[in-house]
Amino acid sequence: MTLYILKRLGQALVAMFVVALAVFLLIRWAPGDPARLMLPETASKEEVEALRVRLGLDRPLPVQFGWFLKDLVNLDLGTSFFYNRPVAEIIGLHFPRTALLGGVSLVLSLVIGIPLGIIAAVKEGRLADFVAMGFAVIGQSVPIFWLGFMLVLVFSIKFHWFPTSGTGTWQHLVLPATTLSAFTMALISRLVRSGMLDILGEDYIRTARAKGLSEALVILRHGFRNLMIPVVTVVGMSVGVLLAGSVVTEAVFAWPGVGLMIMTAVSARDYPLIQAFTLFVAFVVICVNLIVDLLYVYLDPRIRL
Amino acid sequence: MRQMFKLHGVFFLLVLIGCLLYGPVTRAAEKGMADELIIGATTGLRTLEVHWMGAQEIALNWHVYEPLVWLDSDGSIKPLLAESWTVSNDGLEWLFKLRPGVKFSDGTDFDAEDAAANIQRQVDSIVKKEPTSFAFMYADVAKVEVVNKLTFKVVCKERIGPLLNYLSILLMIPKEAVEKWGPKRITEILPGTGPYIKKSQVPNMGAELVANPKYWQKGLPAVSRLTYREFVEEATMVNALRRGEVDVIQPVNHEFHPLLKADKNITVESFLPYEMIFVALKCDKAPFNNLKARQAFNYAVDRKLIVDTLLKGQGRPVGAFIQEGMPGYAPQLKAPARDLAKARQLLKESGYDGRKLKFIGPPGWYTATRESCEAITAMMQEAGFNVELTFLEGGAFTNARLTGAFDLHFLGSRAITGEPQRYLDERVVTDLYKSGWVHKECFDLIKEAGRTIDPKAKEKLYFRIQEIMYNEVAPQAFLHQANGFYAYRNNVKNFKMLPTFTFYAPGVVKYKE
Amino acid sequence: MLDNRKVISERKKKIQRILRNPRIVWGGLVIVVLLFGAVFAPYLSSKDPLKQNLLSRLMAPQGFSGPHLLGTDSLGRDIFSRILYGARISLTVGFLTVIISGVIGVMLGLFAGYYKGKTDSILSRAADIQLSIPVIIMAIVLLAMVGPSVFNIIMVMAISRWMLYFRLVRSLVFSLMASPMIDAARVIGVSRRRLFVKHLLANLWTPIIVVTTQQMAQIILLEATLSFLGVGIPPSVPSWGMMVSQGRNYIETAWWVITFPGLAIFVATLAINFVGDGLRDFLDPRRRF
């Protein structure tokens, strides 16, 4: 096991190197020069060139990449072109807000999605099933900003339960978290239902029932683990998506997270910020996937890594 | 088991009721003065560096850092930190007398050395090849001399016609900061002389300002806290106003007027901004290197229809570029009316070969922009142009403009200095956006206008310049000037927006609802 | 002769079972209607979806009493027409993206789950890498480079979506590979190809179909988000996502501009999901009802 984890961490380093290289090249291919975009439009060619030299953009690409790696090793994420402040500070400002929103959304989608799926499976074909799956399908079929605006219209403008936007109190969190969690919640509930139905038809369930164990125990003990595999997969994938920040939710609810941060950064071609942030996301995603893979082993002991 | 459910159920119900009540309870308030004014806007605050700001950032920041003079809504220059000024007969020397008793919020005096340092910083930044946003306005300044504690002199190499207008957006920072930072972008919050002190500024979120007890105008500001909240989606901003989470919002698009006007707690006001919407043409490449093709474009676009429908009549079609309210406004150059037959005829005569033209539009947060671009594209196609519209992303759009990779592009121009010289210097003579248009007589006139201080003489020059550009339909075809709108809750008084898109909040009073 | 009849009646039974499933029937019907609308759009609506008429912008739906069945948008274009023509774009984009990303993801997932070891490591890390580069960044940069067009958008979205299939299939293949059924098949000496198709894929249809059907709506909505952010389908082409995005400021003042395309997306997705569910019931070998 330890060997496996070490091996994975080694691979993680390689993966992160590839991410760093890929993003480094990708953003430099996009049209638009950061120095040109930073200076007032009246700046002359010489002035743009001078800024490029100061920022190190005139050096050959391998040299720039080398500097980037060197800084990384020293745990220096560089200075943002756009904000002229350390990148770590900028990310540190925005990330906690996104983490909060993303975390609460994920928890919400699990807490509501899993029970919903179980109920739908157990009461298959009956009203509860239709209602639950109805909600699920709706949750996956509406545009996020439409859902967000609708929630605001109903729960904020009509009934003054929650604020329309911004951050601060837990009330500010409810509507954006609900909006962001809708899709994942629906997806999880459907996967859980589908998995549960498969399991409820399994032979070993019939055997367990025949043995006389109570229904609930049967479901929980024997079926749960297996159906968690696709759920865990989805959760693992969602973390990556949520981390990068749902730009739309952040825009609709004026929630200043990393989604908006990265949008501005890309528009301004803020190379250091884009590179550092992507690397950060890569790191978290790789860690999460490692945990997910370890969970697979726990959930299904038949899996051999 | 059932008991437990009952208990949990009751508890849950109580929590739910508590949440529901929270709303109404917190809204209860007595009449009286509220001490915080919250302004919502869609412009982001990207920097703490006052000499590197765009127009709308200046709108907030001049509540913290003041300029020497300011531009009133009628276009006149009014004293602020400078009490009075004179200009020598040859127009090369300006003498400024500062207001006594002004202090920075950290207690140090504001004097002529500070003012001189600020102006000198712009000049020096050119030399050091790290120009500030406004450096080019001071390119013709030879030196700045301090005469005594409250007087300083600006000596120019050439006459700078709009110097006062330029100074209206140069915000004053302490000379110690100038010494410390030089032309490098400042990344810390500095003390200013204004009615507010900037407590904090968070990217993508906004800024918090608190009243400056040392402010030189006694009794101001009326509201002790000013919060600026940034929004990305206009609809969200509008909803926040409806719920009372912000007190003022600007700008507000026409789409939301019915909503806001129907709300009894909200007032919507309009102002005439110094903003011109235009389509820039690439004049050094076919087809627009031919006057007939440019004229065809002019007759193809139905300016009046766009204003009447897309802007709901809140604006005016224009032909010449100096906006109403600015010196040199030439209403005699009327906006051309649409003439489809003429447009088709002219286009044919120009020898247009049907090549697909690239029309680029700015990134699409604002619907009115998108609609105008699409409408114009359709109108052009009716006249026989083969044109393809693409909306580019921010960086790509700027890049395309600055490298001339377009046949047409759509943009608006704001005259935050309240005068047209800057626009003419940048977009026509220096040809920032690579339109490729050259016209010796026009360029000479522009240069001369830049050197003219006398307003009457200036006006004559601007008329002639606009006439040439109007007849040549170059380098831009001007479409319309649209009204600007802002909205505020009824308990806010004295909030006003100026044509330069700035607002002035110290005198704003807010009562509790 | 006896065999032929048996085969025919087996097939008949299968068809009967399909038709008895209400979800497949109704979902399929709706999809057929949408496809019909998309293909025969020019005959169903005489209005040009691109024709602007600024004087009749934001007109409320008139039903059959006026020229504009569902009203007009902010440039005076007929909404009903735009929905029909938009169906072509949205359905094509959704379908092609899902097919491309699905094929890539499932194939790679099979390889990773079956071969494990080094193959799995490389492919999994590739998926991680892909996942770490935020879709938005990649989309903006790529589309800035190659220019916005329907084809480019399909490719960009497909490239950003294969990982979901990959990880799902991979994890399920892991479980399957450990099951006695597979071991037995290998002992017998079943060829790898047969193993893949008959034993692995056959058991993977269910989750793949569920995920695929859900992805289609996401793709259509992602396309709307990209339009929203300025890098979507060019304005010369009507698409539901673009219509929803353009109508977002009119939610309260001109509800029809955003509601009808939103409904179109919703109905299409619902139908696809129903068909997916129905197919799942049908294909699952253990289900008899």
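In chain C, 70% of the contacts between residues at least 6 apart in sequence join residues at least 24 apart, two residues being in contact if their C-beta atoms, placed from the backbone, lie within 7 Å. The model is a predicted one, in which local features need pLDDT of at least 70, side-chain atom pairs count only at pLDDT 80 or more, and totals for chains, interfaces and linings use all residues. Residues are numbered from 1 along each chain as its sequence is written, while chains are lettered from A and ligands numbered from 1 in the order in which they are written.

Chain C contains 12 helices and zero strands; helices (H or I, at least four residues) and strands (E, at least two) are DSSP runs, numbered from the N terminus. Its order of elements from the N terminus is accordingly written α-α-α-α-α-α-α-α-α-α-α-α. Of the 289 residues in chain C, 54% are buried. A residue is buried if 20 or more other C-beta atoms lie within 10 Å of its own, exposed if 12 or fewer, and partly exposed in between, with C-beta atoms placed from the backbone.

The contact between chain C and chain A involves 43 residues from chain C and 49 residues from chain A. On the side of chain C that touches chain A, two or more residues each come from α5 (117–132), α6 (135–146), α8 (162–177), α10 (192–228) and α12 (256–283) of chain C. The most is given by α10(C), with eight residues. By class, this side of chain C comprises 27 nonpolar, 10 polar and six charged residues; Ala, Val, Leu, Ile, Met, Phe, Trp, Tyr, Cys and Pro count as nonpolar, Asp, Glu, Lys and Arg as charged, and the others, Gly among them, as polar.

Chain A is assigned domain 1 (32–76) and domain 2 (88–299), the bounds coming from an automatic or database domain assignment. The C-alpha centres of domain 1 and domain 2 of chain A lie 39 Å apart. Five residues of domain 1 of chain A are in contact with five residues of domain 2 of chain A. The domain 1 side of this contact in chain A has three nonpolar residues, one polar and one charged.

Chain B has 15 helices and 23 strands. Its radius of gyration is 26 Å, close to the 24 Å given by the globule rule for 513 residues, so chain B is as compact as a globular protein of that length. The radius is taken over C-alpha atoms, and the rule is 2.2 Å times the number of residues to the power 0.38. Buried residues amount to 53% of the 513 residues in chain B.
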